[in-house]
Amino acid sequence: MKRTKITDALASTDYGKEICVKGWVRTHRSSKAVDFIQLNDGSTIKNIQVVVDAGVCDEDTLRQITTGSCVAVCGLLVESPAQGQASEVQAKSVELLGGCDATYPMQKKGQSFEYMRQHAHMRLRTNTFGAIMRIRHNMSMAIHTYFHEHGFFYFHTPIITASDCEGAGQMFQVTTKNLYNLKKDKDGRIDYSDDFFGKPTSLTVSGQLEGELGATALGAIYTFGPTFRAENSNTPRHLAEFWMIEPEVAFYDLHDLMDLEEDFIKYCVRWALDHCMDDLEFLNKMIDKTLIERLQGVVKEEFVRLPYTKGIEILQEAIKNGRKFEFPCNWGDDLASEHERYLVEEYFKKPVIMTNYPKAIKAFYMKIDAERPVCNGEVMEETVQGTDVLFPQIGEIIGGSVREESYDKLMGEIESRNIPMKDMWWYLDTRRYGSCPHAGFGLGFERLILFITGMQNIRDVIPFPRTPKTAEF
């Protein structure tokens with residue numbers, strides 16, 4: 001008999017129909033007259049109850065049906081007399097497809113997230129991680145759907161690159177060289193002439209630079225793929241391998257960019273509310289009791305658009321009034337998460353798009369503002385047309401900017417910052433041949449999933465986290 005997914009069985013009212021469901025046992029309760037099995041196949045957060053009357057299944061098989069085992073059940077779909085479930089299966093046959101011994105690490109008891117990270121290959125079968133992965137899938141679909149509906153082209157940028165978009169140098173090197181016998185030149189430097197690509201290459205930290213090439217040819221593109229950062233950080237907000245969404249659009253100015261950022265992220269949150277409510281209700285109950293309310297608030301609220309200088313003035317006024325921060329907050333400082341969250345969660349109580357940051361703390365490719373800002377009556381240094389979208393409980397979730405389209409100005413920044421550009425002639429060509437105004441942003445996919453799910457650690461919203469000293473599974 002053809003298998004029926006449990007999500008479809010639970011939605012059906014075709015009572016009396018014979019169906020076959022297959023899945024993994026969540027719980028199994030036995031009595032002399034009847035056994036009750038809660039079965040889940042991953043298609044929904046909800047289990048279907050299987051009722052096994054005496055004589056339907058032999059005692060030896062029933063004893064082997066423990067939490068985590070895999071079974072196939074054929075029987076009648078019937079209306080359930082129990083509260084909280086509309087349907088159940090009255091079993092006619094039960095087949096044990098895969099037994100599960102007593103060492104199964106995801107037994108039905110309270111497990112810490114730290115414990116489950118050690119068993120990431122099995123944690124996917126729990127209710128919490130099943131919900132997270134279904135939401136992750138839905139967010140992927142929302143992203144592709146949004147950009148397709150808005151005329152963007154999905155653009156595949158390389159994972160292996162010879163350029164460092166962010167200039168931080170924290171990249172994973174890619175090489176075929178024998179690390180036990182490295183060929184070096186007369187100055188003692190590694191000779192890459194015999195390497196696969198003939199030059200140093202690394203895993204990408206961003207598809208932005210190549211994305212700009214796409215935007216200046218196709219008009220509007222987006223990338224969505226894995227990126228890598230060899231940063232020795234063990235915070236709940238950092239991964240060594242993570243996914244990024246990076247749209248780039250020709251002929252956009254700062255206001256167009258902010259409109260896109262707000263509209264896009266509201267679309268994603270609305271998609272979650274429309275398509276993932278069962279999983280969100282579970283997470284709202286088990287993880288964060290304000291989750292759904294917070295998501296609904298993001299969709300309803302207009303985002304605040306706040307110049308960096310005004311934000312600094314607000315924070316400094318808060319300090320004068322007794323607000324304590326761990327890190328300093330002076331004009332020119334890169335704001336810490338505590339500053340960002342104060343603005344979002346306490347002062348404005350809604351998402352904030354912060355703009356016009358000091359040039360010194362932002363990337364070389366950002367367009368410089370025409371006028372210098374005034375902070376507390378003093379004229380400050382140059383600022384750039386950068387944007388950071390700040391969210392409650394997360395802080396920065398999107399970083400973007402208008403890109404500098406002038407070849408001379410861009411070269412001026414490269415030279416003043418001593419950025420090695422010998423391998424980036426192709427990027428500069430976009431400013432030499434038909435340059436145009438353009439803008440874009442980057443959204444860390446896992447940070448979006450953190451916000452949508454209410455989880456607190458980024459390692460819990462990706463199937464198999466890659467972090468310092470951890471590359472299991």
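**Surface, pockets and salt bridges of a predicted model**

Phe196 is located in the loop that runs between strand E8 (173-174) and strand E9 (201-203); helices (H or I, at least four residues) and strands (E, at least two) are DSSP runs, numbered from the N terminus. The structure is a predicted model, in which local features need pLDDT of at least 70 and side-chain atom pairs count only at pLDDT 80 or more, whereas totals for chains, interfaces and linings use all residues. Residues are numbered from 1 along each chain as its sequence is written, and side-chain values use heavy atoms, with hydrogens and water left out.

With a relative accessible area of 61%, Phe196 is exposed; the term exposed denotes over 50% relative accessible area, buried under 20%, and partly exposed the range in between (1.4 Å probe, protein chains only). Together with Ile159, Ile160 and Phe197, Phe196 forms a nonpolar patch on the surface, and the accessible area of these residues together is about 390 Å². Patches are made of residues with over 30% relative accessible area and no salt bridge, like charges being joined within 9 Å and nonpolar side chains (Val, Leu, Ile, Met, Phe, Trp, Tyr) within 5 Å. Accessible areas come from the Shrake-Rupley method with a 1.4 Å probe, and for residues only the protein chains shown count as cover.

The chain as a whole contains 14 helices and 18 strands. Its C-alpha trace spans about 85 × 60 × 45 Å along the principal axes, and 50% of the 473 residues count as buried.

The second largest pocket has a volume of about 1100 Å³. Its lining comprises 35 residues, of which Arg26, Asn47, Lys108, Asn127 and Phe282 lie nearest the centre. Two or more lining residues are given by each of helix H1 (6-11), strand E1 (18-30), helix H3 (113-117), helix H5 (127-149) and helix H8 (277-286). The most is given by H8, with 5 residues. By class, the lining of this pocket has 12 nonpolar, 15 polar and 8 charged residues; Ala, Val, Leu, Ile, Met, Phe, Trp, Tyr, Cys and Pro count as nonpolar, Asp, Glu, Lys and Arg as charged, and the others, Gly among them, as polar.

Pockets and cavities were located on a 1 Å grid over the protein atoms alone: a cavity is a set of points where a 1.4 Å probe fits but cannot get out, a pocket is an open set with protein on both sides within 12 Å along at least five of seven lines, and lining residues have an atom within 4 Å of a point. Grid points are joined across faces, edges and corners, and a volume is the space filled by probe spheres set on the points.

A search of the whole structure finds 2 cavities of 30 Å³ or more. The largest cavity holds about 40 Å³ of space, and its lining consists of Arg237, Arg294, Gln393, Ile394, Leu450, Phe451, Gly454, Met455 and Gln456. Of these lining residues, 4 are nonpolar, 3 polar and 2 charged. Arg237 also has its C-alpha atom 9.0 Å from that of Glu446, although 209 residues separate the two along the chain. Glu446 belongs to helix H14 (residues 445-453) and, at 1% relative accessibility, counts as buried.

Side chains of opposite charge can pair when their charged atoms come close. The structure holds 30 salt bridges, each being a side-chain nitrogen of Lys or Arg within 4 Å of a carboxyl oxygen of Asp or Glu. One of them joins Glu212 and Arg431 (2.9 Å, N to O). Glu212 lies in helix H6 (residues 208-218) and Arg431 in helix H13 (residues 425-432), so the pair ties together parts that are 219 residues apart in sequence. Both Glu212 and Arg431 are buried.

A further salt bridge connects the side chains of Glu262 and Arg305 (3.3 Å, N to O). Because Glu262 lies in helix H7 (residues 254-275) and Arg305 in strand E12 (residues 304-307), this pair ties together parts that are 43 residues apart in sequence. Glu262 counts as buried at 6% relative accessibility, whereas Arg305 is partly exposed at 33%. Both residues belong to a network of salt bridges that links Asp259, Glu262, Lys266, Glu302 and Arg305. Lys183 and Asp191 also meet in a salt bridge (3.6 Å, N to O), and Lys183 is partly exposed, with a relative accessible area of 40%.
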